[in-house]
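Subject: Structure handover

Hello,

Here is the structure I promised to pass on. Please open it alongside this note.

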Amino acid sequence: MTYCVGLLLNEGLVMLSDSRTNAGVDYISTYSKLTVWETPGERAVALSTAGNLSISQNVVTMLDEGLPDASGKLVSMRTVESMTEAARLVGRAIREVERLEGPNMRQAGVGFDVSFILGGQINGRQLRMFLFYTAGNYIEASTESPFFQIGELKYGKPILDRIVNFETSLEDATKCALISMDSTIRSNISVGLPLDLLVFRRNAADIETLRVIPVDDPYFKTVSEGWSSGLREAFEKIPAPQWGESSGPVVTLVS
């Protein structure tokens, strides 16, 4: 299992992924799930992956090496001319891997399970973000729906729903993504550090932040402890239920 989140904002783009691929009592493995194609001043494209690791690795390899267009010319993430073309290329790569590997996987009882978040900007065109499903089809983020999640998404969604909108600053969005990740890590052992973080400012020449957040990162620790203590403080300030003293219907609590 994994957890990845992407936020498309008026100021730019934030993408955050965990790197845990397996978590057992005596065996934990990690693998980066964020791939970046950057040509400074010309393009910054990032892809987060969730699901079967062998499938996602095959898709990323195809996107890096290229797929032939109608004329036979290879088109890759380094040569696409727009984010729309990039999205179509990801869809093609997913379907091509399914064509090549899907039958054997199903015969072995392994499901073809994969999802992706693609975000970025090319040649000064519009900054865009897409969510991909197993069939290679996709939807696009908008001002009304500015974030996508893949993988173990349920634990980290409440904070995003309450805080994030299209006008949220990059700094606040990054903090919110980290809190969303921390909530997921606390509730599911199959999600864990290190984390891969990308922050890209709209129409910028270069990626603003691209870093690995290690297990002992002091800022992530501050975020985690601050959010926990803040939740406890907020909880303690909420009055205890007084239904028995109200003028409304009596509610009986059954243990």
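Below is what I found in it, topic by topic.

This is a predicted model, so to speak of local features pLDDT must be at least 70, side-chain atom pairs count only at pLDDT 80 or more, and totals for chains, interfaces and linings use all residues. Residues are numbered from 1 along each chain as its sequence is written, and side-chain values use heavy atoms, with hydrogens and water left out.

**The sheet**

Helices (H or I, at least four residues) and strands (E, at least two) are DSSP runs, numbered from the N terminus. Two strands pair if DSSP finds at least two bridges between them. Five strands make an open sheet. Their order is β5-β6-β9-β10-β11, and the pairing is antiparallel. The edges are β5 (34–39) and β11 (138–140). Each has a single partner strand, so one side of each has no neighbour in the sheet. The twist averages 15° from one strand to the next. For this and the angles below, axes are lines fitted to C-alpha atoms, for helices over the stretch in contact, and angles run from 0 to 180 degrees between N-to-C directions.

Now look inside the sheet. β9 (residues 114–122) pairs with β10 (residues 128–132) over five bridges, in the antiparallel sense. Leu-118 stands opposite Phe-130 in β10.

**Helices on the sheet**

Contact here means heavy atoms within 4.5 Å. Helix α1 (residues 53–65) packs on the sheet and touches β5, β6 (43–51) and β9. The direction of α1 makes about 160° with that of β6. Helix α2 (residues 83–107) also packs on the sheet. This helix touches β6, β9, β10 and β11, and its direction makes about 155° with that of β9.

**How the two helices meet**

α1 and α2 pack at an angle of about 135°, with their axes 9 Å apart. They are therefore oblique to each other. The cut-offs: under 35 degrees is roughly parallel, over 145 roughly antiparallel, 65 to 115 roughly perpendicular, and the rest oblique. The crossing of α1 and α2 is right-handed. On the α1 side, the contact residues include Ile-55, Val-59 and Met-62. On the α2 side, they include Leu-89, Ala-93, Val-97 and Leu-100.

Cys-4 is in none, and its nearest cysteine sulfur, that of Cys-176, is 16 Å away. Cys-4 is buried, at 0% relative accessibility. Cys-176 is buried too, with a relative accessible area of 3%. Buried means under 20% relative accessible area, exposed over 50%, and partly exposed in between (1.4 Å probe, protein chains only).

Most residues other than glycine have a negative phi, and most peptide bonds are trans. Here are the exceptions I noted. Asn-123 has a positive phi of about 55°. Asn-123 sits in the loop between β9 and β10. At 42% relative accessibility, Asn-123 is partly exposed. Asn-203 has a positive phi of about 65°. Its place is the loop between β13 and β14 (209–213). Asn-203 is exposed, with a relative accessible area of 58%. The peptide bond from Leu-193 to Pro-194 is cis, with omega near 5°. Pro-194 lies in the loop between α4 (170–187) and β13 (195–201).

Best wishes

Key. Disulfide = S-S within 2.5 Å. Left-handed = near helix turned anticlockwise from the far one by under 90°.
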